[in-house]
Amino acid sequence: MPRPIPLLALLLAAQAGAQTLLPLDSRPATRVLPALIAGLRGGDVRVPPAELLGTAAWGADPAALTAWLEAQPTGVPLVVALDALAYGGLVQSRTSPLTAAQALARLEPLRTWTARTGSPVYAFITLPREPDATDRGRNLAVVRGVMRWAGEGVFRELHVTWDDALPGSPAPAEGAALAQEAPANVRVYPGADEVLSLLVARALAPAGRTVRVEYSDPVKAEGIIRYEGIPLTQSVLNHAEAGGFRVVEGDRADLTLYVYNGGDPRRAALRVSALLRRGPVAVADVAQVNLGNVRLWRDLATLRQHANLRSLAAWGTPGNNVGTALAHARLSLEGADPIRQDALLAREYANDVIYSAEVRAALRKAVPEAELNTPAGQARLLEIAREYFPLRVGLTYTLEDAALPWGRSFEWDFRLEGR
């Protein structure tokens, strides 16, 4: 007969993933994915319904979000995208007419959150991208304001990140200046959509872990990458440290992050397979932006190794992919529920490989972009996508439903059923 599990252990296990999340906006990458990562070990993860969060067309209502926050149980970490409360979302942070004082006033409930509830707050805020930003001075003033709050202990951690820095963007220089004046609990680095997931990992797995990094093209990894304005190697270091990892050399590490940044995909798949025989592996495919490499992932699936990864990511910019791969892997190292882990790997593969590399192109060919946000367009999405299923990871997954939540082809939301 198995030994009974002590009640305290059961209670601790139930709280292992307990967390409240306030995402950047309603996109699946910023709302659904961080919540699934937070829930890998079980526990109660609270996230606002999508209708309370911002879209590309309209911002979230800060009063409604504040009311939702105040109604949540306390005693668990709060992980929050400050742009959602201050401006209504990432898109609105670029063009909002608010003054710095008005934006900071919207964040005032967070300033007293820990004192009122006893719950730690992990937060991030972005420097907007060019040329969309209409008042960079205002955004910088708000960032400096919340950095002062961090220095006062309002936040357990604050991450200041910059969004989509193309050549000529002032964000890298702004970030460097902010880093010089940042308190010890503030990190400054390029990022946006992946940062909530990294903070989830920081909140739920605060103990440090080690990671070794291997690139498919080490020479190319030293070059400046698009959307960040820094070398890929520095971006990986930034995201590793932001997620609670220490990068080490040699073969002894808790995790190997394999970064596919170009070259022969078959050779890369064989290398990942060899690395998996040594220990835990996560894969970030950054060779192209917003597009997984079909050959790499088909070869990994043929080898049945995609199911053995700790995480995979290929859906966005290099920073998006590295950050979410590390965040997922970080929590998987703490003992993820195997059913939830398999389901999350299946979701990542369905989104990052099947949709990004195959379904999206087929959908754009079949339906004009202007007609996607119609019942007919959404129905065609499901019809096209079902041709790529079932998907076998550990379980075999069928596609039960799919939609375009922002009415555009860039991202989809979907529901898989595993058997």
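Here are a few numbered notes on this predicted model, to read beside the structure.

1. Let's begin with confidence. The mean pLDDT of the protein chain is 94, and 96% of its residues reach 70 or more. Residues 1-15 are the stretch to treat with care: pLDDT stays under 50 there, and the model has five contacts for them beyond four places in sequence. Where pLDDT is low, the predicted coordinates should not be read in detail.

2. Next, have a look at the five-stranded sheet. Its strands form an open sheet in the order β8-β7-β9-β10-β11, with parallel pairing. The edges are held by β8 (245-247) and β11 (311-313), each with a single partner strand, so one side of each is left without a neighbour in the sheet. From one strand to the next, the twist averages 25°.

3. Inside that sheet, β9 (residues 255-260) and β10 (residues 281-285) run parallel and are joined by five bridges. If you want a place to start on screen, find Y260, which stands opposite D285 in β10. Helix α13 (residues 265-276) packs on the sheet and touches β7 (209-215), β9 and β10. The direction of α13 makes about 180° with that of β9.

4. Another set of strands pairs in the antiparallel sense. Two bridges join β12 (residues 391-392) to β13 (residues 396-403), and these strands form a hairpin with three residues between them. In this pairing, R392 stands opposite T396 in β13. Strand β13 also runs antiparallel to β14 (residues 413-418), to which six bridges join it. There, T398 has E417 in β14 as its bridge partner.

5. Now for the charged pairs. Side chains of opposite charge can pair when their charged atoms come close. The structure holds 26 salt bridges. One of them links R27 and D193, whose closest N and O atoms are 2.8 Å apart. R27 lies in the loop between β1 (19-22) and α2 (28-38), and D193 in the loop between β6 (186-190) and α11, so the pair ties together parts that are 166 residues apart in sequence. Both R27 and D193 are buried.

6. Salt bridges that share partners join R94, R129, D132, D163 and D164 into one network.

7. Finally, a word on V195, which lies in helix α11 (residues 195-204). At 0% relative accessibility, V195 counts as buried. Which residues does V195 contact, leaving aside its neighbours within four places in sequence? They are F124, H159, T161 and Y189. The C-alpha atom of V195 is separated by 23 Å from that of L404, 209 residues apart along the chain.

Key: Residues are numbered from 1 along each chain as its sequence is written. This is a predicted model: local features need pLDDT of at least 70, side-chain atom pairs count only at pLDDT 80 or more; totals for chains, interfaces and linings use all residues. Side-chain values use heavy atoms; hydrogens and water are left out. Helices (H or I, at least four residues) and strands (E, at least two) are DSSP runs, numbered from the N terminus. Buried means under 20% relative accessible area, exposed over 50%, partly exposed in between (1.4 Å probe, protein chains only). Contact means heavy atoms within 4.5 Å. A salt bridge is a side-chain nitrogen of Lys or Arg within 4 Å of a carboxyl oxygen of Asp or Glu. Two strands pair if DSSP finds at least two bridges between them. Axes are lines fitted to C-alpha atoms, for helices over the stretch in contact, and angles run from 0 to 180 degrees between N-to-C directions. pLDDT is the predictor's confidence in each residue, from 0 to 100.
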